[in-house]
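Thank you all for coming; I would like to walk through one model this morning, going from the parts of each chain to the place where the chains meet. Please have the display open while I talk.

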Amino acid sequence: MSEAVALPRPLLARLLRRGEGGFPFLAASVLALVLICALLGPWLTPHEAGKIALADAMTPPAWAEGGSAKHLLGTDNLGRDILSRIIAGARVSANVALYAIVISGLIGASLGMAAGYFGGFVDAAISRLIDVQMSVPSIPLAMLFAAVLPPGEAMVIFIIVLSYWTWYARLVRGEVLSLRERDYIKLAKIAGVATPVIFYRHLAPNVLNMLLVLATLQFGSVIVFEAGLSFLGLGIQPPNVSWGGMLADGRNFIDVAWWLITMPGLAIMASCLASNLLGDWLRDTLDPVRRQI
Amino acid sequence: MRAYFVKRVLQGVVAIVGALLIVFVAQRLSGDPVALMLPMDAGEAEFAAMREALGLDKPLPAQFGIFMVNAVQGDFGDSYQWQAPAMTLLLERLPATLELALAGLVFALLLAVPLGVVSSVHRGGLVDRAAKVFAMLGQAVPGFWIGLLLILFVAVELQWLPAFGRGGLSNLVLPAIALGWYPVAAMTRTLRSSMLDILDSDYVRMERAIGLPERWIVWRYALRNAMVPLVTMIGVYFANMLGGAFVIEVVFAWPGIGRAVVDAVFARDFPVVQAGVVLAALVFVAVNLIVDLSYGLIDPRIRHAKA
């Protein structure tokens with residue numbers, strides 16, 4: 001009975017996704033904002049992200065007592081503007097997430113396609129590789145490589161690719177396993193279509209939607225992973241600005257300056273939430289039958 | 001069942017060997033370990049002697065052989081910082097990490113089970129909708145940030161609970177919430193959907209027809225069966241929590257293996273890092289194995305099917 005009555009959707013859900021299946025406008029805007037900040041960062045920041053101004057140190061956000069309109073989100077212990085640093089941090093987050101996802105998607109999808117299509121020894125070898133990779137928890141693995149590789153963006157991307165490619169490989173392998181039994185693939189084989197052409201023309205377009213959905217959903221989770229590494233001091237190194245690094249700095253002043261740990265965290269949360277919502281919408285739109293990711 | 005058991009154990013062994021191979025490769029990437037072990041002013045002869053003692057002058061496959069033989073005995077070398085066997089150091093800290101991960105799991109279940117059951121029974125109700133929003137937000141918030149916020153509000157502002165260290169139950173609460181936060185959403189959704197399936201099944205309808213109290217049906221009969229998919233997840237999440245604990249331990253200064261490994265990374269104490277990764281992989285594989293093999297205990301259908 002209760003199903004028949006149209007219940008008012010919660011306010012938050014209404015704001016974030018207008019109606020069932022509607023385009024998540026707010027989520028898309030947040031992601032667009034992150035990308036714009038990443039591209040145009042240095043021209044958008046009200047102050048220079050690394051500029052130290054000890055006279056302005058520990059200014060609270062503008063709306064709090066003692067805040068000033070000069071620094072909307074306040075300043076840190078060295079007087080650096082938090083808003084400018086968050087905008088600068090968007091560049092690192094977006095950069096790492098985009099590279100990491102594209103590379104793990106390419107590696108994972110190629111291996112997954114090969115495993116699903118060729119079967120036999122190739123499948124067994126790739127599947128064992130996936131098993132091994134998945135049996136090493138990603139955070140300890142990240143620490144292992146953080147200990148031996150020079151720190152920086154390239155290392156963070158490498159570490160993320162190492163633990164994320166398996167998702168793409170498993171997804172594509174499963175899909176290709178069922179695709180290769182379809183008539184049009186079998187007929188293409190009989191007709192003598194070259195294997196690379198089958199991959200490129202017939203398999204790839206069929207898994208592209210799923211890859212796009214997974215990539216969108218993982219954009220946020222990669223940002224969280226990178227923030228975690230940088231928070232531990234194993235990821236992006238100062239003077240480069242990252243949201244995780246800002247949280248690590250702010251942690252030392254947790255009892256005097258609440259804005260230092262809330263603001264960068266909100267930036268992480270907003271980007272991750274936005275990517276999850278957009279990913280959900282993409283999945284419902286592109287793959288309405290299975291919704292299996 | 002026996003064949004299945006053997007197959008799963010073999011898979012576990014392959015995974016561990018693979019993990020050891022990854023660790024070995026990383027070790028070779030790290031450059032010359034001898035440089036870290038000898039004093040700055042050591043001569044070329046001392047270097048050569050040390051290399052020979054460690055087997056570093058042999059070809060790579062032989063080195064991997066030596067590494068494996070030592071690894072199987074739990075020997076990853078001595079910690080450069082503490083001058084004690086790396087694995088022993090970590091095993092001393094393992095109980096603290098297990099305690100934290102277990103507490104996180106308990107917190108997640110305490111929240112997820114009632115939420116999942118109530119949102120399936122009152123579909124579309126207030127709890128169901130609130131749980132959805134909560135899940136959406138929860139999936140987007142990193143656990144270590146939750147930890148920082150908990151320290152800020154509960155420990156610093158309200159001063160209800162201690163923010164750092166290990167000790168009594170009061171020390172355990174905040175890190176457990178930070179660690180157990182993430183899986184709540186997924187667990188709630190899994191339990192909700194399996195409860196919905198089961199509440200719609202013939203035997204539940206039968207129980208209703210007999211006139212059993214609804215509370216009995218839901219909490220005693222339906223929940224027990226609906227727990228099966230959740231138990232699968234519990235293994236995976238418990239194993240993930242051991243990894244996630246690495247970050248949470250740093251936030252709360254918790255004296256577990258995670259913090260030891262992070263410290264070791266900064267101190268370039270490679271044996272401890274290696275031992276930590278292998279230990280994490282071992283526990284991860286073991287937990288998943290135990291979960292896979294224990295379905296039969298919960299669901300007799302699986303037990304008899306494979307017998």
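I begin with domains, whose bounds here come from an automatic or database domain assignment. What we are looking at is a predicted model, in which local features need pLDDT of at least 70 and side-chain atom pairs count only at pLDDT 80 or more, while totals for chains, interfaces and linings use all residues. Residues are numbered from 1 along each chain as its sequence is written, and chains are lettered from A and ligands numbered from 1 in the order in which they are written.

Chain B is divided into domain 1, residues 2–72, and domain 2, residues 90–304, and the C-alpha centres of these two domains of chain B lie 35 Å apart. Counting two residues as in contact if their C-beta atoms, placed from the backbone, lie within 7 Å, we find that 14 residues of domain 1 of chain B are in contact with eleven residues of domain 2 of chain B. On the domain 1 side, helix H1 (2–29) and helix H2 (33–37) of chain B each supply at least two of the touching residues, and H1(B) gives the most, with ten residues. By class, that side of domain 1 has ten nonpolar, three polar and one charged residues, where Ala, Val, Leu, Ile, Met, Phe, Trp, Tyr, Cys and Pro count as nonpolar, Asp, Glu, Lys and Arg as charged, and the others, Gly among them, as polar.

Turning to chain B as a whole, its secondary structure comes to 13 helices and zero strands, the elements being DSSP runs numbered from the N terminus, with helices (H or I) of at least four residues and strands (E) of at least two. The C-alpha trace of chain B spans about 85 × 55 × 30 Å along its principal axes, and 37% of its 307 residues count as buried, meaning that 20 or more other C-beta atoms lie within 10 Å of the residue's own, with C-beta atoms placed from the backbone.

How do helices H5 and H6 of chain B cross? The axes of H5(B), residues 86–121, and H6(B), residues 126–139, come within 7 Å and cross at roughly 130 degrees, with axes fitted to C-alpha atoms over the stretch in contact and angles running from 0 to 180 degrees between N-to-C directions. That angle makes H5(B) oblique to H6(B), since angles under 35 degrees count as roughly parallel, over 145 as roughly antiparallel, 65 to 115 as roughly perpendicular and the rest as oblique. In this pair, Leu115(B), Val118(B) and Ser119(B) of H5(B) meet Val127(B), Asp128(B) and Ala131(B) of H6(B), a contact with four nonpolar, one polar and one charged residues.

Chain A, for its part, has ten helices and zero strands. Its C-alpha atoms fill a box of roughly 75 × 60 × 35 Å, taken along the principal axes, and buried residues make up 47% of its 293 residues.

Finally, the interface: 42 residues of chain A are in contact with 44 residues of chain B. Several helices of chain A each supply at least two residues of the side that touches chain B, among them H4 (120–135), H5 (138–148) and H8 (195–232), and the largest share of that side, ten residues, comes from H5(A). The residues of chain A that touch chain B divide into 30 nonpolar, seven polar and five charged.

Terms used: A residue is buried if 20 or more other C-beta atoms lie within 10 Å of its own, exposed if 12 or fewer, and partly exposed in between; C-beta atoms are placed from the backbone.
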